[in-house]
Amino acid sequence: MSSSDSVVSLEDVTVEFGNDGGVFDFFGESNPVRAVNDVSLDIGEREIVTLIGESGCGKSTLGKTAIGVQKPTSGSVKYRGQDIWEARNNGKNASISFSEIRHALQIIHQDPGSALNPNQRVITSLSLPLKKWNPDMSRERREERIYALFERVGMTPPGDFLNRYPHQLSGGEKQRAVLVRAMLLNPDLILADEAISALDVSLRVEMMDLMLELQDIFDTSYLFISHDLSNARYIAEKSGGRIAVMYLGEIVEIGTVDEIIDNAQHPYTKALRWATPNLFDDRDDSDEFPIREIDVPDPTDLPSGCNFHPRCPEAREVCQREHPGVFQSETGGHQCRCFRADDSHEYWNSSPLYD
Amino acid sequence: MSTSDRIFEVRNLDVSFELNRGASRVVRDVDMDIYREETLGIVGESGSGKSMLASSLLNAVVEPGICSGEVTYYPRNGEPVSVLELSEAELKRFRWEQVAMVFQGAMSSFNPVMRVRTHFRETLQDHNRDIPAGMDRARSLLESVYLDPDRVLSAYPHELSGGMKQRALIALSLILEPEVLVMDEPTAALDLLMQRSIVSLLDELQAEHDLTIIFITHDLPLLTKIADRLTVMYAFGLIESGTVDEILYNSSHPYTRALLAATPDLDVPVDEMHAIEGSKPDPVDRISGCSYHPRCPMADMHCENNDPPMEQISSTHRAACFYHEEAAEAIPLRGDGNNPKQKGAVHE
């Protein structure tokens, strides 16, 4: 996909969090954490890209960078071709203003409880963004719009829910209210950061269906962050979207649902697949771990070579030495950062590190 | 299974809280047996009463909750213990030495200003155990959950990752060699890989220490990986129980079937997954008849007026539904009759 028809496009994005000498930094030792390392990603019109990985892998940081909330240390983030940070710092030359970009890229957080002001009725919290962006809109018109959307997401009668305080709503209802708030601005892209993880397993399908239904109406793209492969697969497959797997700051594999779920190349993707319990499988689990170390390495002290090699059951000598670049499938869509994706790589002649 | 295999017998258990807006019954009339050295999974949505049920096994329901009914514990040697009638001093010994608990927030189970070593030491001291022998045991327990004993024992809780803390907590819970481990959402805050690793570890620990494990979660797929038997809770009561295979491939309660259909699963086609209609009941409301009837597609007048008793479907399988024989036809599921252990064939 070329960047011209994508909503947001990230190019060689790196985000570092430095130890920039706080009060307690007597020794001046700074070990910056590279939360995102050299990531390029295009999110298309009406596309759903799901981002999965373990805690601390940088998926939230990447998400926030994509919607222009976190500034990248290097690399560029563009909204419809306009560099977001150019627009912010040098507004005069921008073809799209920063406030327009801000308006078009929205976020839903994991915990809907803390995303709504506990001291205000739901209607007040939901009116705020409309007041800010459409100050000329009359109160009647505003409420009409909120009521209509509430009805749309199944919170009926809307007046009953809207006049409550957040603590009077269930977790699922709060999350729907937050989704409505993001949708009110008719954004182009919504970052859903673990938006369904706090919900009961039995409510997740419902919430994802709702997101898809609203996508149909508003033509929104989603960057859907989750640590759960089965949720990612559900929403990606239903929308024909893609799944990106992150490990220690890098996208180690990205592709369609078929490519990632049924034809994974990276040993880390395979390990995630193993870790996802299925209801109706043959359950002849050989309890052999497909990883050699349970714990993730310290992100301030990354391993040499491939980040995954200390945990990888397939690691060979070359993996200790060399950092794998991105290998593309013939069609180009399926990308993977593992030597094993390249049939002619020296990996295959390298000596195995472990039996 | 003969009654001598039982380790817990629960009869007519009720837990209620007095609220301003009325009495709230959060566990309703539960009868349940737990067998020695099994892994029993208790599954239910948040607010279904599963944590309260677990707490009552240890007589640990917090004030002002009131627990009534009978909970009998059968030790390996000695007389049966009536858990709800134990004195404070007896409870203190019972809780760590016979039955240990692991909760969801490993973060809040450790004292943040005490090294992990001190947690082990104080537990041993409080129960008058030999400290050097106990600390040796601590080391081998930590090793068995893939932790480096030297590093972990001298660490403060904040120096460990979530998964490491949870594993250290499991090791701590086993320090006094309990017979039973009650785990309430022990993996909920963890990543998939860590969840799955802990589940595999529990299997090993169970075999090594002859443990009975009671595992409570809303995560049904995870439970099927660890449990021998499953009990499903809905609206503060038990509605179905059976072996994992009976629940997966032959579930007889419409709620269990709806729950199975609503669970995201990698192998099930996306259009076969459906959300459960309606919303869960409030503990203060008294629903007449079957607690699931307002959401049940099969409900009729009979269900609205009468509370269905648990009916025996096989020697190990029970369900509280008048129409359990018709449930499979009314709510078809992918797993129906597909039990690979019986048939050999896995997927169509």
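## Nonpolar core

A nonpolar core is a set of buried Ala, Val, Leu, Ile, Met, Phe, Trp, Tyr and Cys residues joined through C-beta atoms within 7 Å; buried means that 20 or more other C-beta atoms, placed from the backbone, lie within 10 Å of a residue's own. This is a predicted model, in which local features need pLDDT of at least 70 and side-chain atom pairs count only at pLDDT 80 or more, while totals for chains, interfaces and linings use all residues. Residues are numbered from 1 along each chain as its sequence is written, and chains are lettered from A in the order in which they are written.

The largest nonpolar core has 196 residues, of which Leu179(A), Leu189(A), Leu223(A), Val245(A), Ala168(B), Val182(B) and Ile214(B) touch the most other members. Helix α9 of chain A (residues 201-218) gives this core its largest share, eight residues.

## Interface of chains A and B

In total, 36 residues of chain A are in contact with 43 residues of chain B (C-beta atoms within 7 Å). On the chain B side, α8 (192-209) provides the largest share, eight residues. This side comprises 21 nonpolar, 13 polar and nine charged residues.

## Packing of α12(A) on α8(B)

Helix α12 of chain A (residues 267-275) packs against α8(B) at an angle of about 55°, with the axes 8 Å apart.

Definitions and conventions:
Two residues are in contact if their C-beta atoms, placed from the backbone, lie within 7 Å. Helices (H or I, at least four residues) and strands (E, at least two) are DSSP runs, numbered from the N terminus. Ala, Val, Leu, Ile, Met, Phe, Trp, Tyr, Cys and Pro count as nonpolar, Asp, Glu, Lys and Arg as charged, and the others, Gly among them, as polar. A residue is buried if 20 or more other C-beta atoms lie within 10 Å of its own, exposed if 12 or fewer, and partly exposed in between; C-beta atoms are placed from the backbone. Axes are lines fitted to C-alpha atoms, for helices over the stretch in contact, and angles run from 0 to 180 degrees between N-to-C directions.
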